[in-house]
Amino acid sequence: MSLVNTYPTRLYNFLIEIGDLSHFAIRYFKEVFKGPYETSELIKQCYIIGNRSLFLVGVTGFILGLVFTLQSRPTLLEFGAASWMPSMVSISIVREIGPVVIALICAGKIGSGIGAELGSMRVTEQIDAMEVSGTNPFKYLVVTRITATTLMLPLLVIFGDTIALIGSSLVEYSKGGVSFTLYFNKVIKALSFGDILPATIKTFFFGFVIGLVGCYKGYHCKKGTLGVGEASNIAVVYASMLLFIVDFIAVFISDIFFEI
Amino acid sequence: MEASSKNKVRLGIFVITGTILLVIVLYLIGNRQNIFSNTIKINAHFTHVNGLQLGNNVRYSGIDIGTVHAIKIESDTLLFVEMMLKEHMGNYLKKNAVATIGSDGLVGNMIINIIPREGVSPLVTSGDTIASYSRISTDNMMTTLNATNQNLALLSADLLKITAEILNGDGTIASLLNDKQLSDDIKTTMKNLKTSSNHIATMTHEISTTLERIDMEHSVAGVLLADSIQGQKVKTIIKNVEIASQDIQKVSATLDTVMTRISNNKGAMHHLTMNENFTKDIDSTMQSIKEGTAKFNENMEALQHSIFFRGYFKKIEKEALKRKNRDLKN
């Protein structure tokens, strides 16, 4: 009997969660265009989210390109199509693997960070104090962070893709004797606007999702230290799941407009 | 405050670098698709485009010079393809060039190859239409391949029969393959041929050496070899010798006949050469003639001393003496 009651309750809670998240997103859009603008905080968050994540993204991207090329190479060699490696790797990384993997890495680092930070502030009643003191905590804490993730993630993906291609070219250079010039000529020849633009546009949404979920979970953190950990953890899980959903929708729309 | 400024600078570098990377990639891709450069439009008509798509490359003698800009259906059998080429190609591309649709490698994208042709022709201008021809499609190739396969099957069946016959020892080829004696003969022949060839080579070398030694200007052989007039004379001599030899043959044949007749006891010669009694008779006759002649000389001596003939003989002596004196004077 309790099980029968549990599932509708869970569904009810899930729908409430979705509703709250949507409301949170709408509130963000309402606040983001309204003054006063927290520019210095925005820049600070951009620095924390962008610059501080660059090393992690760079290492991840480099290993991604390296491993992807090493794993694909034997199969392509079997078909006598090793010369297609730059085209295949570049299209795969730029279109899909790069944005998704880097977004997941950022969801882990940035999403959890935001969730934990805002959760701590909620637990320690700093957010409440801000509300009492007349400062708009949503504008100061949430809008700046969501905007920063939205703006910084595309840049991180561009860096990540570039470093991944450098890693791939290193493998091609060492294993197949392909020069860097030839490799990147083939990459440019293989890529088109239909590959770059949809991939870049969807990373804005990825950033938005990571920031939104992290802020939402942190902002609505339950009381106690357990709540902070839970907020941080759920932020990563939700953000990761939402990333794939957004990716699916983005690919679906790209297919309509860019004929993938 | 100072740390904040540093962070801002770092953020600025991060943002600018990322944006520049994106812009460079977009520019390179756009440049490849001739978006940022001046272009000319060239058209071609095809009956079949073999899966050609917008944006596929256009190549001129193997160099990428543009992309496919539009593909339209003009009629049920004709397709219109518009190509965007780099503007400077207008300085090289002639109106008599031919466009064909091909594949970039075995599994590559479709491309348009523009092939230049020889001959005088004006340069293309934007909007011109150049000639084209559609290559053999994969279906046609497969059809031809099918026919080839069928022929191959028939050929292999015939080949099987032939090999079976050879294995059974029927026919000339089987004999050639199985007969050891024949093989040995061929080997010997080849060996002999090789020896002969070596001899010929040696002879040729010797002849060559000999010819080199001949003084072509002064020796007889040189004259014979080099002088055409002398050669002609030698030819005539040889011809005459040949005629003489033929005559000698005839004479010897006649002599042979004569000798045969003589041997066969016919005519006087047989008696002269073969009859011993006749020879003895001749000997005794000759003895009688000698004796007769001696007696005749005695009679003539007696006549010179006779009164009737003495004057005549003196006259003859005087004439002889006169002739002798005249010869001495001269």
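This is a predicted model: local features need pLDDT of at least 70, side-chain atom pairs count only at pLDDT 80 or more; totals for chains, interfaces and linings use all residues.
Biologist: How many helices and how many strands does the secondary structure of chain A come to?

Modeller: Read along the sequence, chain A follows the pattern α-α-α-α-α-α-α-α. The count for chain A is therefore eight helices and zero strands.

Biologist: What percentage of the contacts in chain A between residues at least 6 apart in sequence join residues at least 24 apart?

Modeller: Chain A has 260 residues, of which 40% count as buried. Among its contacts between residues at least 6 apart in sequence, the share that joins residues at least 24 apart is 86%.

Biologist: Over residues 151-171 of chain A, how far apart are the end C-alpha atoms?

Modeller: An unreviewed UniProt entry lists several spans of chain A as "transmembrane region", including residues 54-72 and 151-171. Residues 54-72 of chain A are 100% helix, with end C-alpha atoms 26 Å apart. Residues 151-171 of chain A are also 100% helix and 0% strand, and there the distance between the end C-alpha atoms is 32 Å.

Biologist: Which residues of chain B does UniProt list for "transmembrane region"?

Modeller: In the model, the chain is 100% helix and 0% strand over the span in question, and its end C-alpha atoms are 26 Å apart. The listing comes from an unreviewed UniProt entry and gives residues 12-30 of chain B.

Biologist: Which helix gives the most to the side of chain A that touches chain B?

Modeller: In this interface, 19 residues of chain A are in contact with 16 residues of chain B. Two or more residues on the chain A side come from each of helix H2 (39-78), helix H5 (137-176), helix H6 (180-190) and helix H7 (193-219) of chain A. The residues on that side divide into 12 nonpolar, five polar and two charged. With seven residues, the helix that gives the most is H2(A).

Biologist: In what order do the seven strands of chain B close into a barrel?

Modeller: The pairing is mixed. S3 (residues 63-73) and S4 (residues 79-86) of chain B pair in the antiparallel sense over seven bridges, with B:Thr67 opposite B:Met84. S2(B) and strand S6 (residues 110-115) of chain B, by contrast, pair in the parallel sense over three bridges. The strand order of the barrel is S1-S4-S3-S2-S6-S5-S7.

Biologist: Which residue in S6(B) is the bridge partner of B:Tyr60?

Modeller: S2(B) and S3(B) run antiparallel and are joined by four bridges, and there B:Tyr60 stands opposite B:Ile63 in S3(B). In S6(B), the bridge partner of B:Tyr60 is B:Ile114.

Biologist: Which residue takes a positive phi in the hairpin of S2(B) and S3(B)?

Modeller: This hairpin has two residues between the strands. The positive phi is near 50 degrees, and the residue that takes it is B:Ser61.

Biologist: Does A:Glu125 count as buried or exposed?

Modeller: A:Glu125 is in the loop between helix H3 (85-123) and helix H4 (126-132) of chain A. Its phi is near 60 degrees, a positive value in a residue other than glycine. The cut-off for this class is 12 or fewer C-beta neighbours within 10 Å. A:Glu125 has 12 inside 10 Å, so the residue counts as exposed.

Biologist: Why does B:Asn50 count as partly exposed?

Modeller: B:Asn50 lies in the loop between strand S1 (39-46) and strand S2 (57-60) of chain B. This residue has a positive phi of about 50 degrees although it is not a glycine. B:Asn50 counts as partly exposed because its number of C-beta neighbours inside 10 Å is 14.

Conventions: Residues are numbered from 1 along each chain as its sequence is written. Chains are lettered from A and ligands numbered from 1 in the order in which they are written. Two strands pair if DSSP finds at least two bridges between them. UniProt positions are given in the numbering used here, feature names are shortened, and annotations may be inferred rather than shown by experiment. Two residues are in contact if their C-beta atoms, placed from the backbone, lie within 7 Å. Ala, Val, Leu, Ile, Met, Phe, Trp, Tyr, Cys and Pro count as nonpolar, Asp, Glu, Lys and Arg as charged, and the others, Gly among them, as polar. A residue is buried if 20 or more other C-beta atoms lie within 10 Å of its own, exposed if 12 or fewer, and partly exposed in between; C-beta atoms are placed from the backbone.
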